Number of protein chains: 2
Amino acid sequence: MRIGELADRAGTTTRTLRYYEQLGLLPARRAGNGYRAYDEEDLRLLRQIRTLQDFGFGLEETRPFVECLQAGHPEGDSCPASLEVYRRKLAELDECITRLQDVRAQVAGQFDRAVRARDGLAAEPSGQAPHCELANERAKE
Amino acid sequence: MRIGELADRAGTTTRTLRYYEQLGLLPARRAGNGYRAYDEEDLRLLRQIRTLQDFGFGLEETRPFVECLQAGHPEGDSCPASLEVYRRKLAELDECITRLQDVRAQVAGQFDRAVRARDGLAAEPSGQAPHCELANERAKE
DNA sequence: GCTGGCGTTGACGTCGGCGTCAAGGTCTAC
DNA sequence: GTAGACCTTGACGCCGACGTCAACGCCAGC
């Protein structure tokens, strides 16, 4: 199977596949003419990558899963390293969700206050600003 | 007040202030020597921007708030355009949170299945992959 | 006058995950 | 033999919000 067909079957593009190869994530054998040659197993690897990406995993995070499959294990998550990535991701998701809920509450508060102010009902002067950390992390220092 | 002092007082950098000016977000008057000159009102504008940024607003989304203050209103969210941004942001947050919770459930499911498989308990062969849309939106088409 | 600490503009680098173009090679069908 | 559908590598573009460097101007104190 050549690159175009694999891309089509996985619902992605040739550019993406070359990029993955460049990262060493999805290496390809070569045919005599220099064309990349893939097989059904590569399609599995690729699908593993895409599935994880759909979950928000970065490409580097998918690497343990791919290597696990390449090592001959039945599933990409049959290896300890993959499970560890799952654990880290779950923690990350929890933190992210918590932060977003926090932000949502703060924004809703600001919104309500602003609407009440607009309606003439001068509530508390709003005190000080909420000063959160928010979604796309600024919680560096 | 010059750019360095304003940056210090707002806890940001001069590069950031020049960038905001470049966007037309925080224009500066000029002293005779070409130095940017700011006053306390600019500090307010800047704090408004930073507060919203901490909530995850993009710079362009802060523009209505800044313009509202510049127009002389008591608060950045005293104007309809700002309230509209609040509304959009709340909807965006809700969607994002929902999606993340969805992803979290799917990842947790995968994790549990993998752990059970590892422990020898061959549960259902896992059927097909979850195939979600996930956090950083891939839900394009 | 000279050092040091401010300021100025301009331009390139960063991060991820590719898109898009350019200039060519390869293979198949007609 | 030639069109056109594939493939190759290389390189630049994009998004947002700045960081960082270069090369220079301005000003205060010694």
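**Ground rules.** I am working with a predicted model, where local features need pLDDT of at least 70, side-chain atom pairs count only at pLDDT 80 or more, and totals for chains, interfaces and linings use all residues. Residues are numbered from 1 along each chain as its sequence is written, chains are lettered from A and ligands numbered from 1 in the order written, and side-chain values use heavy atoms, without hydrogens and water.

**Entry 1: the two copies.** I then checked the contact residues (heavy atoms within 4.5 Å). For chain B, 100% of them recur in chain A, so the same surface serves both copies.

**Entry 2: around DNA strand D.** I counted a residue as near the strand if one of its heavy atoms lies within 4 Å of it. I found 20 residues around DNA strand D. Among the closest are Gly4(A), Arg36(A) and Tyr35(B). I sorted this surface by class: six nonpolar, seven polar and seven charged residues. Here Ala, Val, Leu, Ile, Met, Phe, Trp, Tyr, Cys and Pro are nonpolar, Asp, Glu, Lys and Arg are charged, and the others, Gly among them, are polar.

Which helix supplies the largest share of this surface? H2(B) does, with four residues. Helices here are DSSP runs (H or I, at least four residues), numbered from the N terminus.

Next I looked at the DNA side.

Entry 3: I took pairs of N or O atoms within 3.5 Å.

- Arg15(B) has a polar side-chain atom 3.0 Å from a base oxygen.
- The side chain of Tyr20(B) has an N or O atom 2.8 Å from a phosphate oxygen.
- The side chain of Tyr35(B) has an N or O atom 2.8 Å from a base nitrogen.

**Entry 4: two helices of chain A.** I fitted axes as lines to C-alpha atoms over the stretch in contact, with angles from 0 to 180 degrees between N-to-C directions. The axes of H1(A) and H2(A) come within 8 Å and cross at roughly 105°. The two helices are therefore roughly perpendicular (65 to 115 degrees). Ile3(A), Gly4(A), Leu6(A) and Ala7(A) of H1(A) meet Thr14(A), Leu17(A) and Arg18(A) of H2(A).

Terms used:
A polar contact is a pair of N or O atoms within 3.5 Å; within protein, one must be able to donate a hydrogen and the other to accept it, and residues adjacent in sequence count only if both atoms are side-chain atoms. Angles under 35 degrees count as roughly parallel, over 145 as roughly antiparallel, 65 to 115 as roughly perpendicular and the rest as oblique.
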